[in-house]
Structure formats: C-alpha cells, structure tokens
Amino acid sequence: MEKLGLSLAEIQEIPGDSLTLVIGPPGAGKSAFCHQVVLNSIAENRPVIFITTEQSPSGVVRLLTEKGVEGAKSEALNFIDAFSQTVGIEALDRPDTICADCADLNSISMATTRLQEIIGQKGVLLAFDSLTSPYLFSGAEVAKFMRLFLSKIAAEGNSVVALMDEGCGKSEDLVAMMSIADGVIRMETEENRQLFNVVKHPKLRPTRVEVLIESKVRIRAATHFDPSVMKRFAKSMLENREGGAEAVGGSLRSIPLFSSVSVDELSGLSRQFARRRYRNGEIIFHKGDVGSTFHIINTGGVKLSIPSDEEGDVFLTDLGPGDFFGELALLDERPRSATATAKDSTETLALERQDFLDFVKLHPDVAVSILAVLSQRIRNLNSQLKSVVLFKPQARLAQTLLKLVGTHGSEVQEGWQISIPLTQPELAEMVRVSTGTIRRLLRDFREAGIVSMEGQRYLIHKPEELRRMATLGDSPD
Amino acid sequence: MTDDYARTGIAGADKILGEKGIPRGHNILIAGGPGSGKTTFAIQFLYKGATEYNEPGIYISLDEDPADVKRNMSKFGWDLSKLEQEKKLAFINVSPVRVTSSEKAGLVQLGMKEFKLIKLLEAIREGIEEVKARRVVIDPVTFFTLQYPDEVERIYAMRDLIADFRKTECTNLLISELRGTGLEREHQFEEYLAQGVILLRTAMREDKLIRMFQVEKMRGLEVDNQPRPYNITSNGIEVYPTLTVFK
C-alpha cells in the first residue's frame, strides 16, 4: 500500500504539550479516531483521562473492547462521566469513575483536576468526546474553556484531543476554537474514502490523508483489543533498546507493509523478528508442512510453487524484497499451501504466529495491507487459473512471452529483447507446462521465426504473431 | 512563620491564601448565599484545626441547633461529638434566647436586644476558656446584627463585637448571608469591618448552579483575588485554586 504523505498512524499520534481539535460533521468517524488514539496510548501504558459526554463510560469501554471487559480493567484508562448525570441516569459504571455535569464546564474542569491529582503524573492523554454537548449548553464559553483549561492541561506536559461537531453552532465559535487549538484535524467521509485534513499541526506540515473506507471499518475493528497484548508490546518496546533489533527495525521501515507503523513500534516489533538466511535453491518450506512462521523478504527472492508429479512444479509467483509469504498457514493453521524456495541467497525476517497475530490486532493498517496483497494474489491466481483452463499451452507461452516483453522487454533492431535471463524450467513453470512441453513449444516458435534464444536470453521477433496466438481460446489439449 | 497563620485545612483555600492561611487573630467574614456551604466551610476550619493543627475551637450557633449541625456534618465523616468530649471543640448555643422575646418590630425580634451582645460575649469567653480555643466561628453573625433595626446601631454593635473578638487572639470566622448573588452584589458593612472577606458565591447559568470561592480581601496577606470554582463533596469543601470559573 502506498503511503500518501502522512500516514494515519502519524496523525493518530497526538503530540505532547499540545491541544488537538478534531472537527467534522456528525458521522465522520471522529469518535472512532479518538478511540484509536486512546488505544495507542493504553498500548504505551500511558494514562488516559477520557471525558465522555456522549455515552456512558461502559458504552465507551464496550466500543473499546467489544469482546469483553478486559479493557475496563485497564489501569491506564480513567473516565470522567459527564454523561450519566446530565441525562439523569445513575452512574453505576465503575466505582473510580468521577462524575461531572456536561452542562457545567466547572464541574468538568474540577473533575479533571481531581483525576490528575489521583493519577499524579504528567504525559497523560486527555481525550474529550465531545465538546459538542457542552457547547449546546454553554455556547462560546466552551472556547474560553479550551483556552483557559484544556490549553493549560496541554501546557503542563500532556496531550489533549478534543472532538467537536461541525455545523452545530455559530461558525465564528468554531473558528475561535480552531484558532485556540495547536492542531486541527478536519474529518470527512466521502463516498468510499475517509479524509483527514490536517488543517494545522504542531509538528507536521498541513496535509491531507485519504484512507479507503475499509479503513474506517478498520479503525473500529482496532477497538477489539486485549490488554495483555498491549502490555506485551509495551514491554517489548521498553526492552528494545539494542542495536541489533534497531537494525532489523530499519529493515522493517523500508517494507511497504509497515509504512503506517511508527518507528518506535517497529523497533518493538523488530525484537520479535528472527533473521533467517537461505542459500540459492534452498527450500524454505514444503507444501504440506505444518508451519507457523510468517516471512518478510529482506534480501534476495523467493519462488512459491506447487509441486506436481506430472508436469513438474506449478509456479505460483516470484517474490522479492519487501514481499511476504507464509501468511496463510499462519491465519488458518493448516499445512502450507505451497512450497517456498529461495531463488538467490536470501534473507527473511521471520515472525512467529502469536507475535504476528498480536501485531496485526494492534495495527489494523497492516492487516488491511495484508488483505490488499492477498486479494491481489487471489486475482492473479484467478487469471492464471483462467489461462490454464481456457488456453492451450501454445497460447499460454505466447501470453507469457508477451507479458515478459511488457515487463522486461527492450526494443532492439531484431525485435524485442527480454532483459532477464530465464531457464527453460523457469519458463515452464510460468506457463504451467512440463519442461518437455516447453522445450517442444520453444522449438516450434523458433522454427516459425517468432523467437530466438541465446543461452537464457530470449529475443522476440514477431510480437504480432504472439498476440494472434495468445488469443487462441481453444480448450487445452 | 506558619504560626502567624491559621491554615484552613482546605488545600485549595490555603493555596489561594498564599500557602499560609488566615492571619492569626483576624476576624474574617465568610459570606455566602443559602446552601453555599458557609457552615460546612466554618466547621471544616474548626475540625481541621482541632484534628490537624492542635488548635481547639468553638462554634457559636445563633440560629441552628448545634445538634442539627453536628448531625449534618457527620456526612463528611467528621465526628464532632468526639472532639467535644475530648475538649477540642465546644458548641455554644445562644439561639434559645431568641424565643424568650415577644416584641417585634417588623420581622426583628426586639426581646434579645438588650442582653444579646453582652450575653454573646460572655458565652464566647467562657467557651474559649473551656477548651483553650484558638479558633472561633459565629454562625450566622447576621442574626446578631439584624436584631438592631437601625443601621447605625447595627454597625456599632458589629464593631463592638469585632473589637471584643480581637482581644481573644483567636482566629474568628463570622458567617454572614450574602445579599445578591452572581457578579453584582451589595457590599455589606460587615465586610468593611472585618479584616478579611471570603465569599462563597453562587450564580445561575441557565438552570445550572455555579459555585465560586473568592477571597475578596485579606489584610496582611498577598492572596489570589480571583473567583475559583469549588465543590461540596463527601470530604467537605474542595476549592480548585488553579481553575478559572466558566459560566
């Protein structure tokens, strides 16, 4: 997945000593964004003061955990319930929850001050979801509240994120609030994408980040969490201050899969990765093996194929640095679906199943990237399947050579030179025929003057003839 | 140095009072509307004095029956009867004298007038003697002054009372009703006579009550004069000295 300027993860990091206002129309995903910020903070074992005016703390906890009540027990999460009292229901939630009245800003500031005293440390994340309700009661006084209270909390060395609906009050009040905030993120949902417009930011340049709408769902999905996972990661992050792991972290950084993960988290993750080295031609795992390791290629390349007795191996795909494999067995715990062979002197970064799952749970961006790659692989497989089912080997060879011209071809006097060396077995795998068949087909092509070969180099003389042959749609013989 | 000041024992209030407290021997007017927590503040001052600063105190009730006061204050976890038994706290009830009167001028009962001040001062001296008090609360001092229908007479009576109080060398809190709420309010003559004025103000915003603690005047001490939010919690009065009041 391409990184578009800033990543979502960067935006989700609310800088210390600053007040960030998240604005947008109702339903833009502000709360989900806020929940993600809160989860990130909990993952780092950083205390959170969550001021909730839109729902009860238990409602928030439900959204944060969904699967159970573990999150409610997280010591890092502290609530100010400015909902129950205001709507007149009894606040039964947690005995340690401090109540306030969202119609009275003083009660909120006092409750927050009390909670700060109880927590007794700086560097807290204060999440205010949302300022809309207090605004409905107190109007422009909320801007004063931001200036005199929230900014003060931020200036004391904490991070503050406050949400505010657009369009529910006077525009000049919103402008005032935006000017008071150190950072402003405007969120919008547009067709299939979610827009994060960083209007101002204390550290980053103003920018716009678009995320496909799946990621909106993803942000919600990220709210399932298991505090033990958080703890483990927080621990590994703290422990990980050694050079070796840093170096692996550096390798991870260049992998597109992790583009949305912060450097700190990567160095934490890198501790769980093991470097594995393979010689050229060495089998990393066989189809049918029981496996639980996920690999990311650091250097070299890996071929995935399915062995077949009749026609030789069926080639699936070639992977290079930054690509990953082994994820299927990880996900479904079934035997390996393909054989992975090192094509070169190859180094992979290997991650064990539990660490992989824990990490993916924490980093929905990564999960979505993996899904995107998996979808692409399924599409490729479908088109390969279609090609095998619909086309004769001769047509498939023509298609493969054309594809190679497209990807690796350079025009020369006699036609098109394919710049990469290919052995006949390799070509056989790509066309999904046996090496015997490929030898026969290549002889036919050569005799027809379509192709000539010099060692492992192929020269295409008549691409138009290949094109004609490639569309022959007869059933295979 | 600290001995020159009587700490209120209310952290936020002491912070506003320059981290010192009330200058010892001064007469401080505590003014607030109904339900603003004047009595709570005063009792908290006495309770903390007796339990934390080894300063016994007396509470002179001109209105409420001390038994009611003790009962009401038990919700904050303050066992006043125990302090009374330990002779760290004395309750003096001068309210019954009111009922002996029959004559009225308007709403004011005149029957107490001729002996009230003397009687009051006598009672106070006895009380101070009994527990070796260093803190005194008169609740509400307005009851005493209001019996004088003439304002000049009232001012004199109040001045006499305050002058007499000074001789005790106790730190005295005089509880007063605050007339007018919110930002505009009338200044009362007691405020000019007292050496310090602490206001427990309330204001209504829409239908929400906003409470403000404000040290309006404190002779001999640099204080924060801004109104600060306060709360009446299960622990008594809590003042937030760093917060601004929002309306």
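Modeller: Two strands pair if DSSP finds at least two bridges between them; helices (H or I, at least four residues) and strands (E, at least two) are DSSP runs, numbered from the N terminus. This is a predicted model, in which local features need pLDDT of at least 70, side-chain atom pairs count only at pLDDT 80 or more, and totals for chains, interfaces and linings use all residues. Residues are numbered from 1 along each chain as its sequence is written, while chains are lettered from A and ligands numbered from 1 in the order in which they are written.

Biologist: Which strands stand at the edges of the open sheet of 4 strands in chain A?

Modeller: The pairing in this open sheet is antiparallel, and the order is 10-17-12-15. Each edge strand has a single partner strand, so one side of each is left without a neighbour in the sheet. The edge strands of chain A are strand 10 (274-278) and strand 15 (324-325).

Biologist: Which residue is the bridge partner of T299(A) in strand 17 of chain A?

Modeller: Strand 12 (residues 293-299) and strand 17 (residues 346-352) of chain A are joined in the antiparallel sense over 6 bridges. Within strand 17 of chain A, T299(A) has as its bridge partner E347(A).

Biologist: Is strand 3 of chain A mostly covered or uncovered, and how many of its residues are buried?

Modeller: A residue is buried if 20 or more other C-beta atoms, placed from the backbone, lie within 10 Å of its own. On one side of strand 3 of chain A, L77(A), F79(A) and D81(A) are buried, as are N78(A) and I80(A) on the other. Strand 3 (residues 77-81) is thus mostly covered, and its buried residues number 5 of 5.

Biologist: How many bridges join strand 2 of chain A to strand 3 of chain A?

Modeller: Strand 2 (residues 48-52) and strand 3 of chain A run parallel. The number of bridges joining strand 2 to strand 3 of chain A is 5.

Biologist: In the hairpin of chain B, which residue in the turn has a positive phi?

Modeller: Strand 10 (residues 196-205) and strand 11 (residues 208-218) of chain B pair in the antiparallel sense over 10 bridges, with G196(B) opposite M218(B). The hairpin has 2 residues between these strands. The positive phi, about 55 degrees, belongs to E206(B).

Biologist: How many residues of chain B are in contact with chain A?

Modeller: Two residues are in contact if their C-beta atoms, placed from the backbone, lie within 7 Å. Chain A contributes 14 residues, and the residues of chain B in contact with them number 11.

Note on methods
Buried ≥ 20, exposed ≤ 12 C-beta atoms within 10 Å, placed from the backbone.
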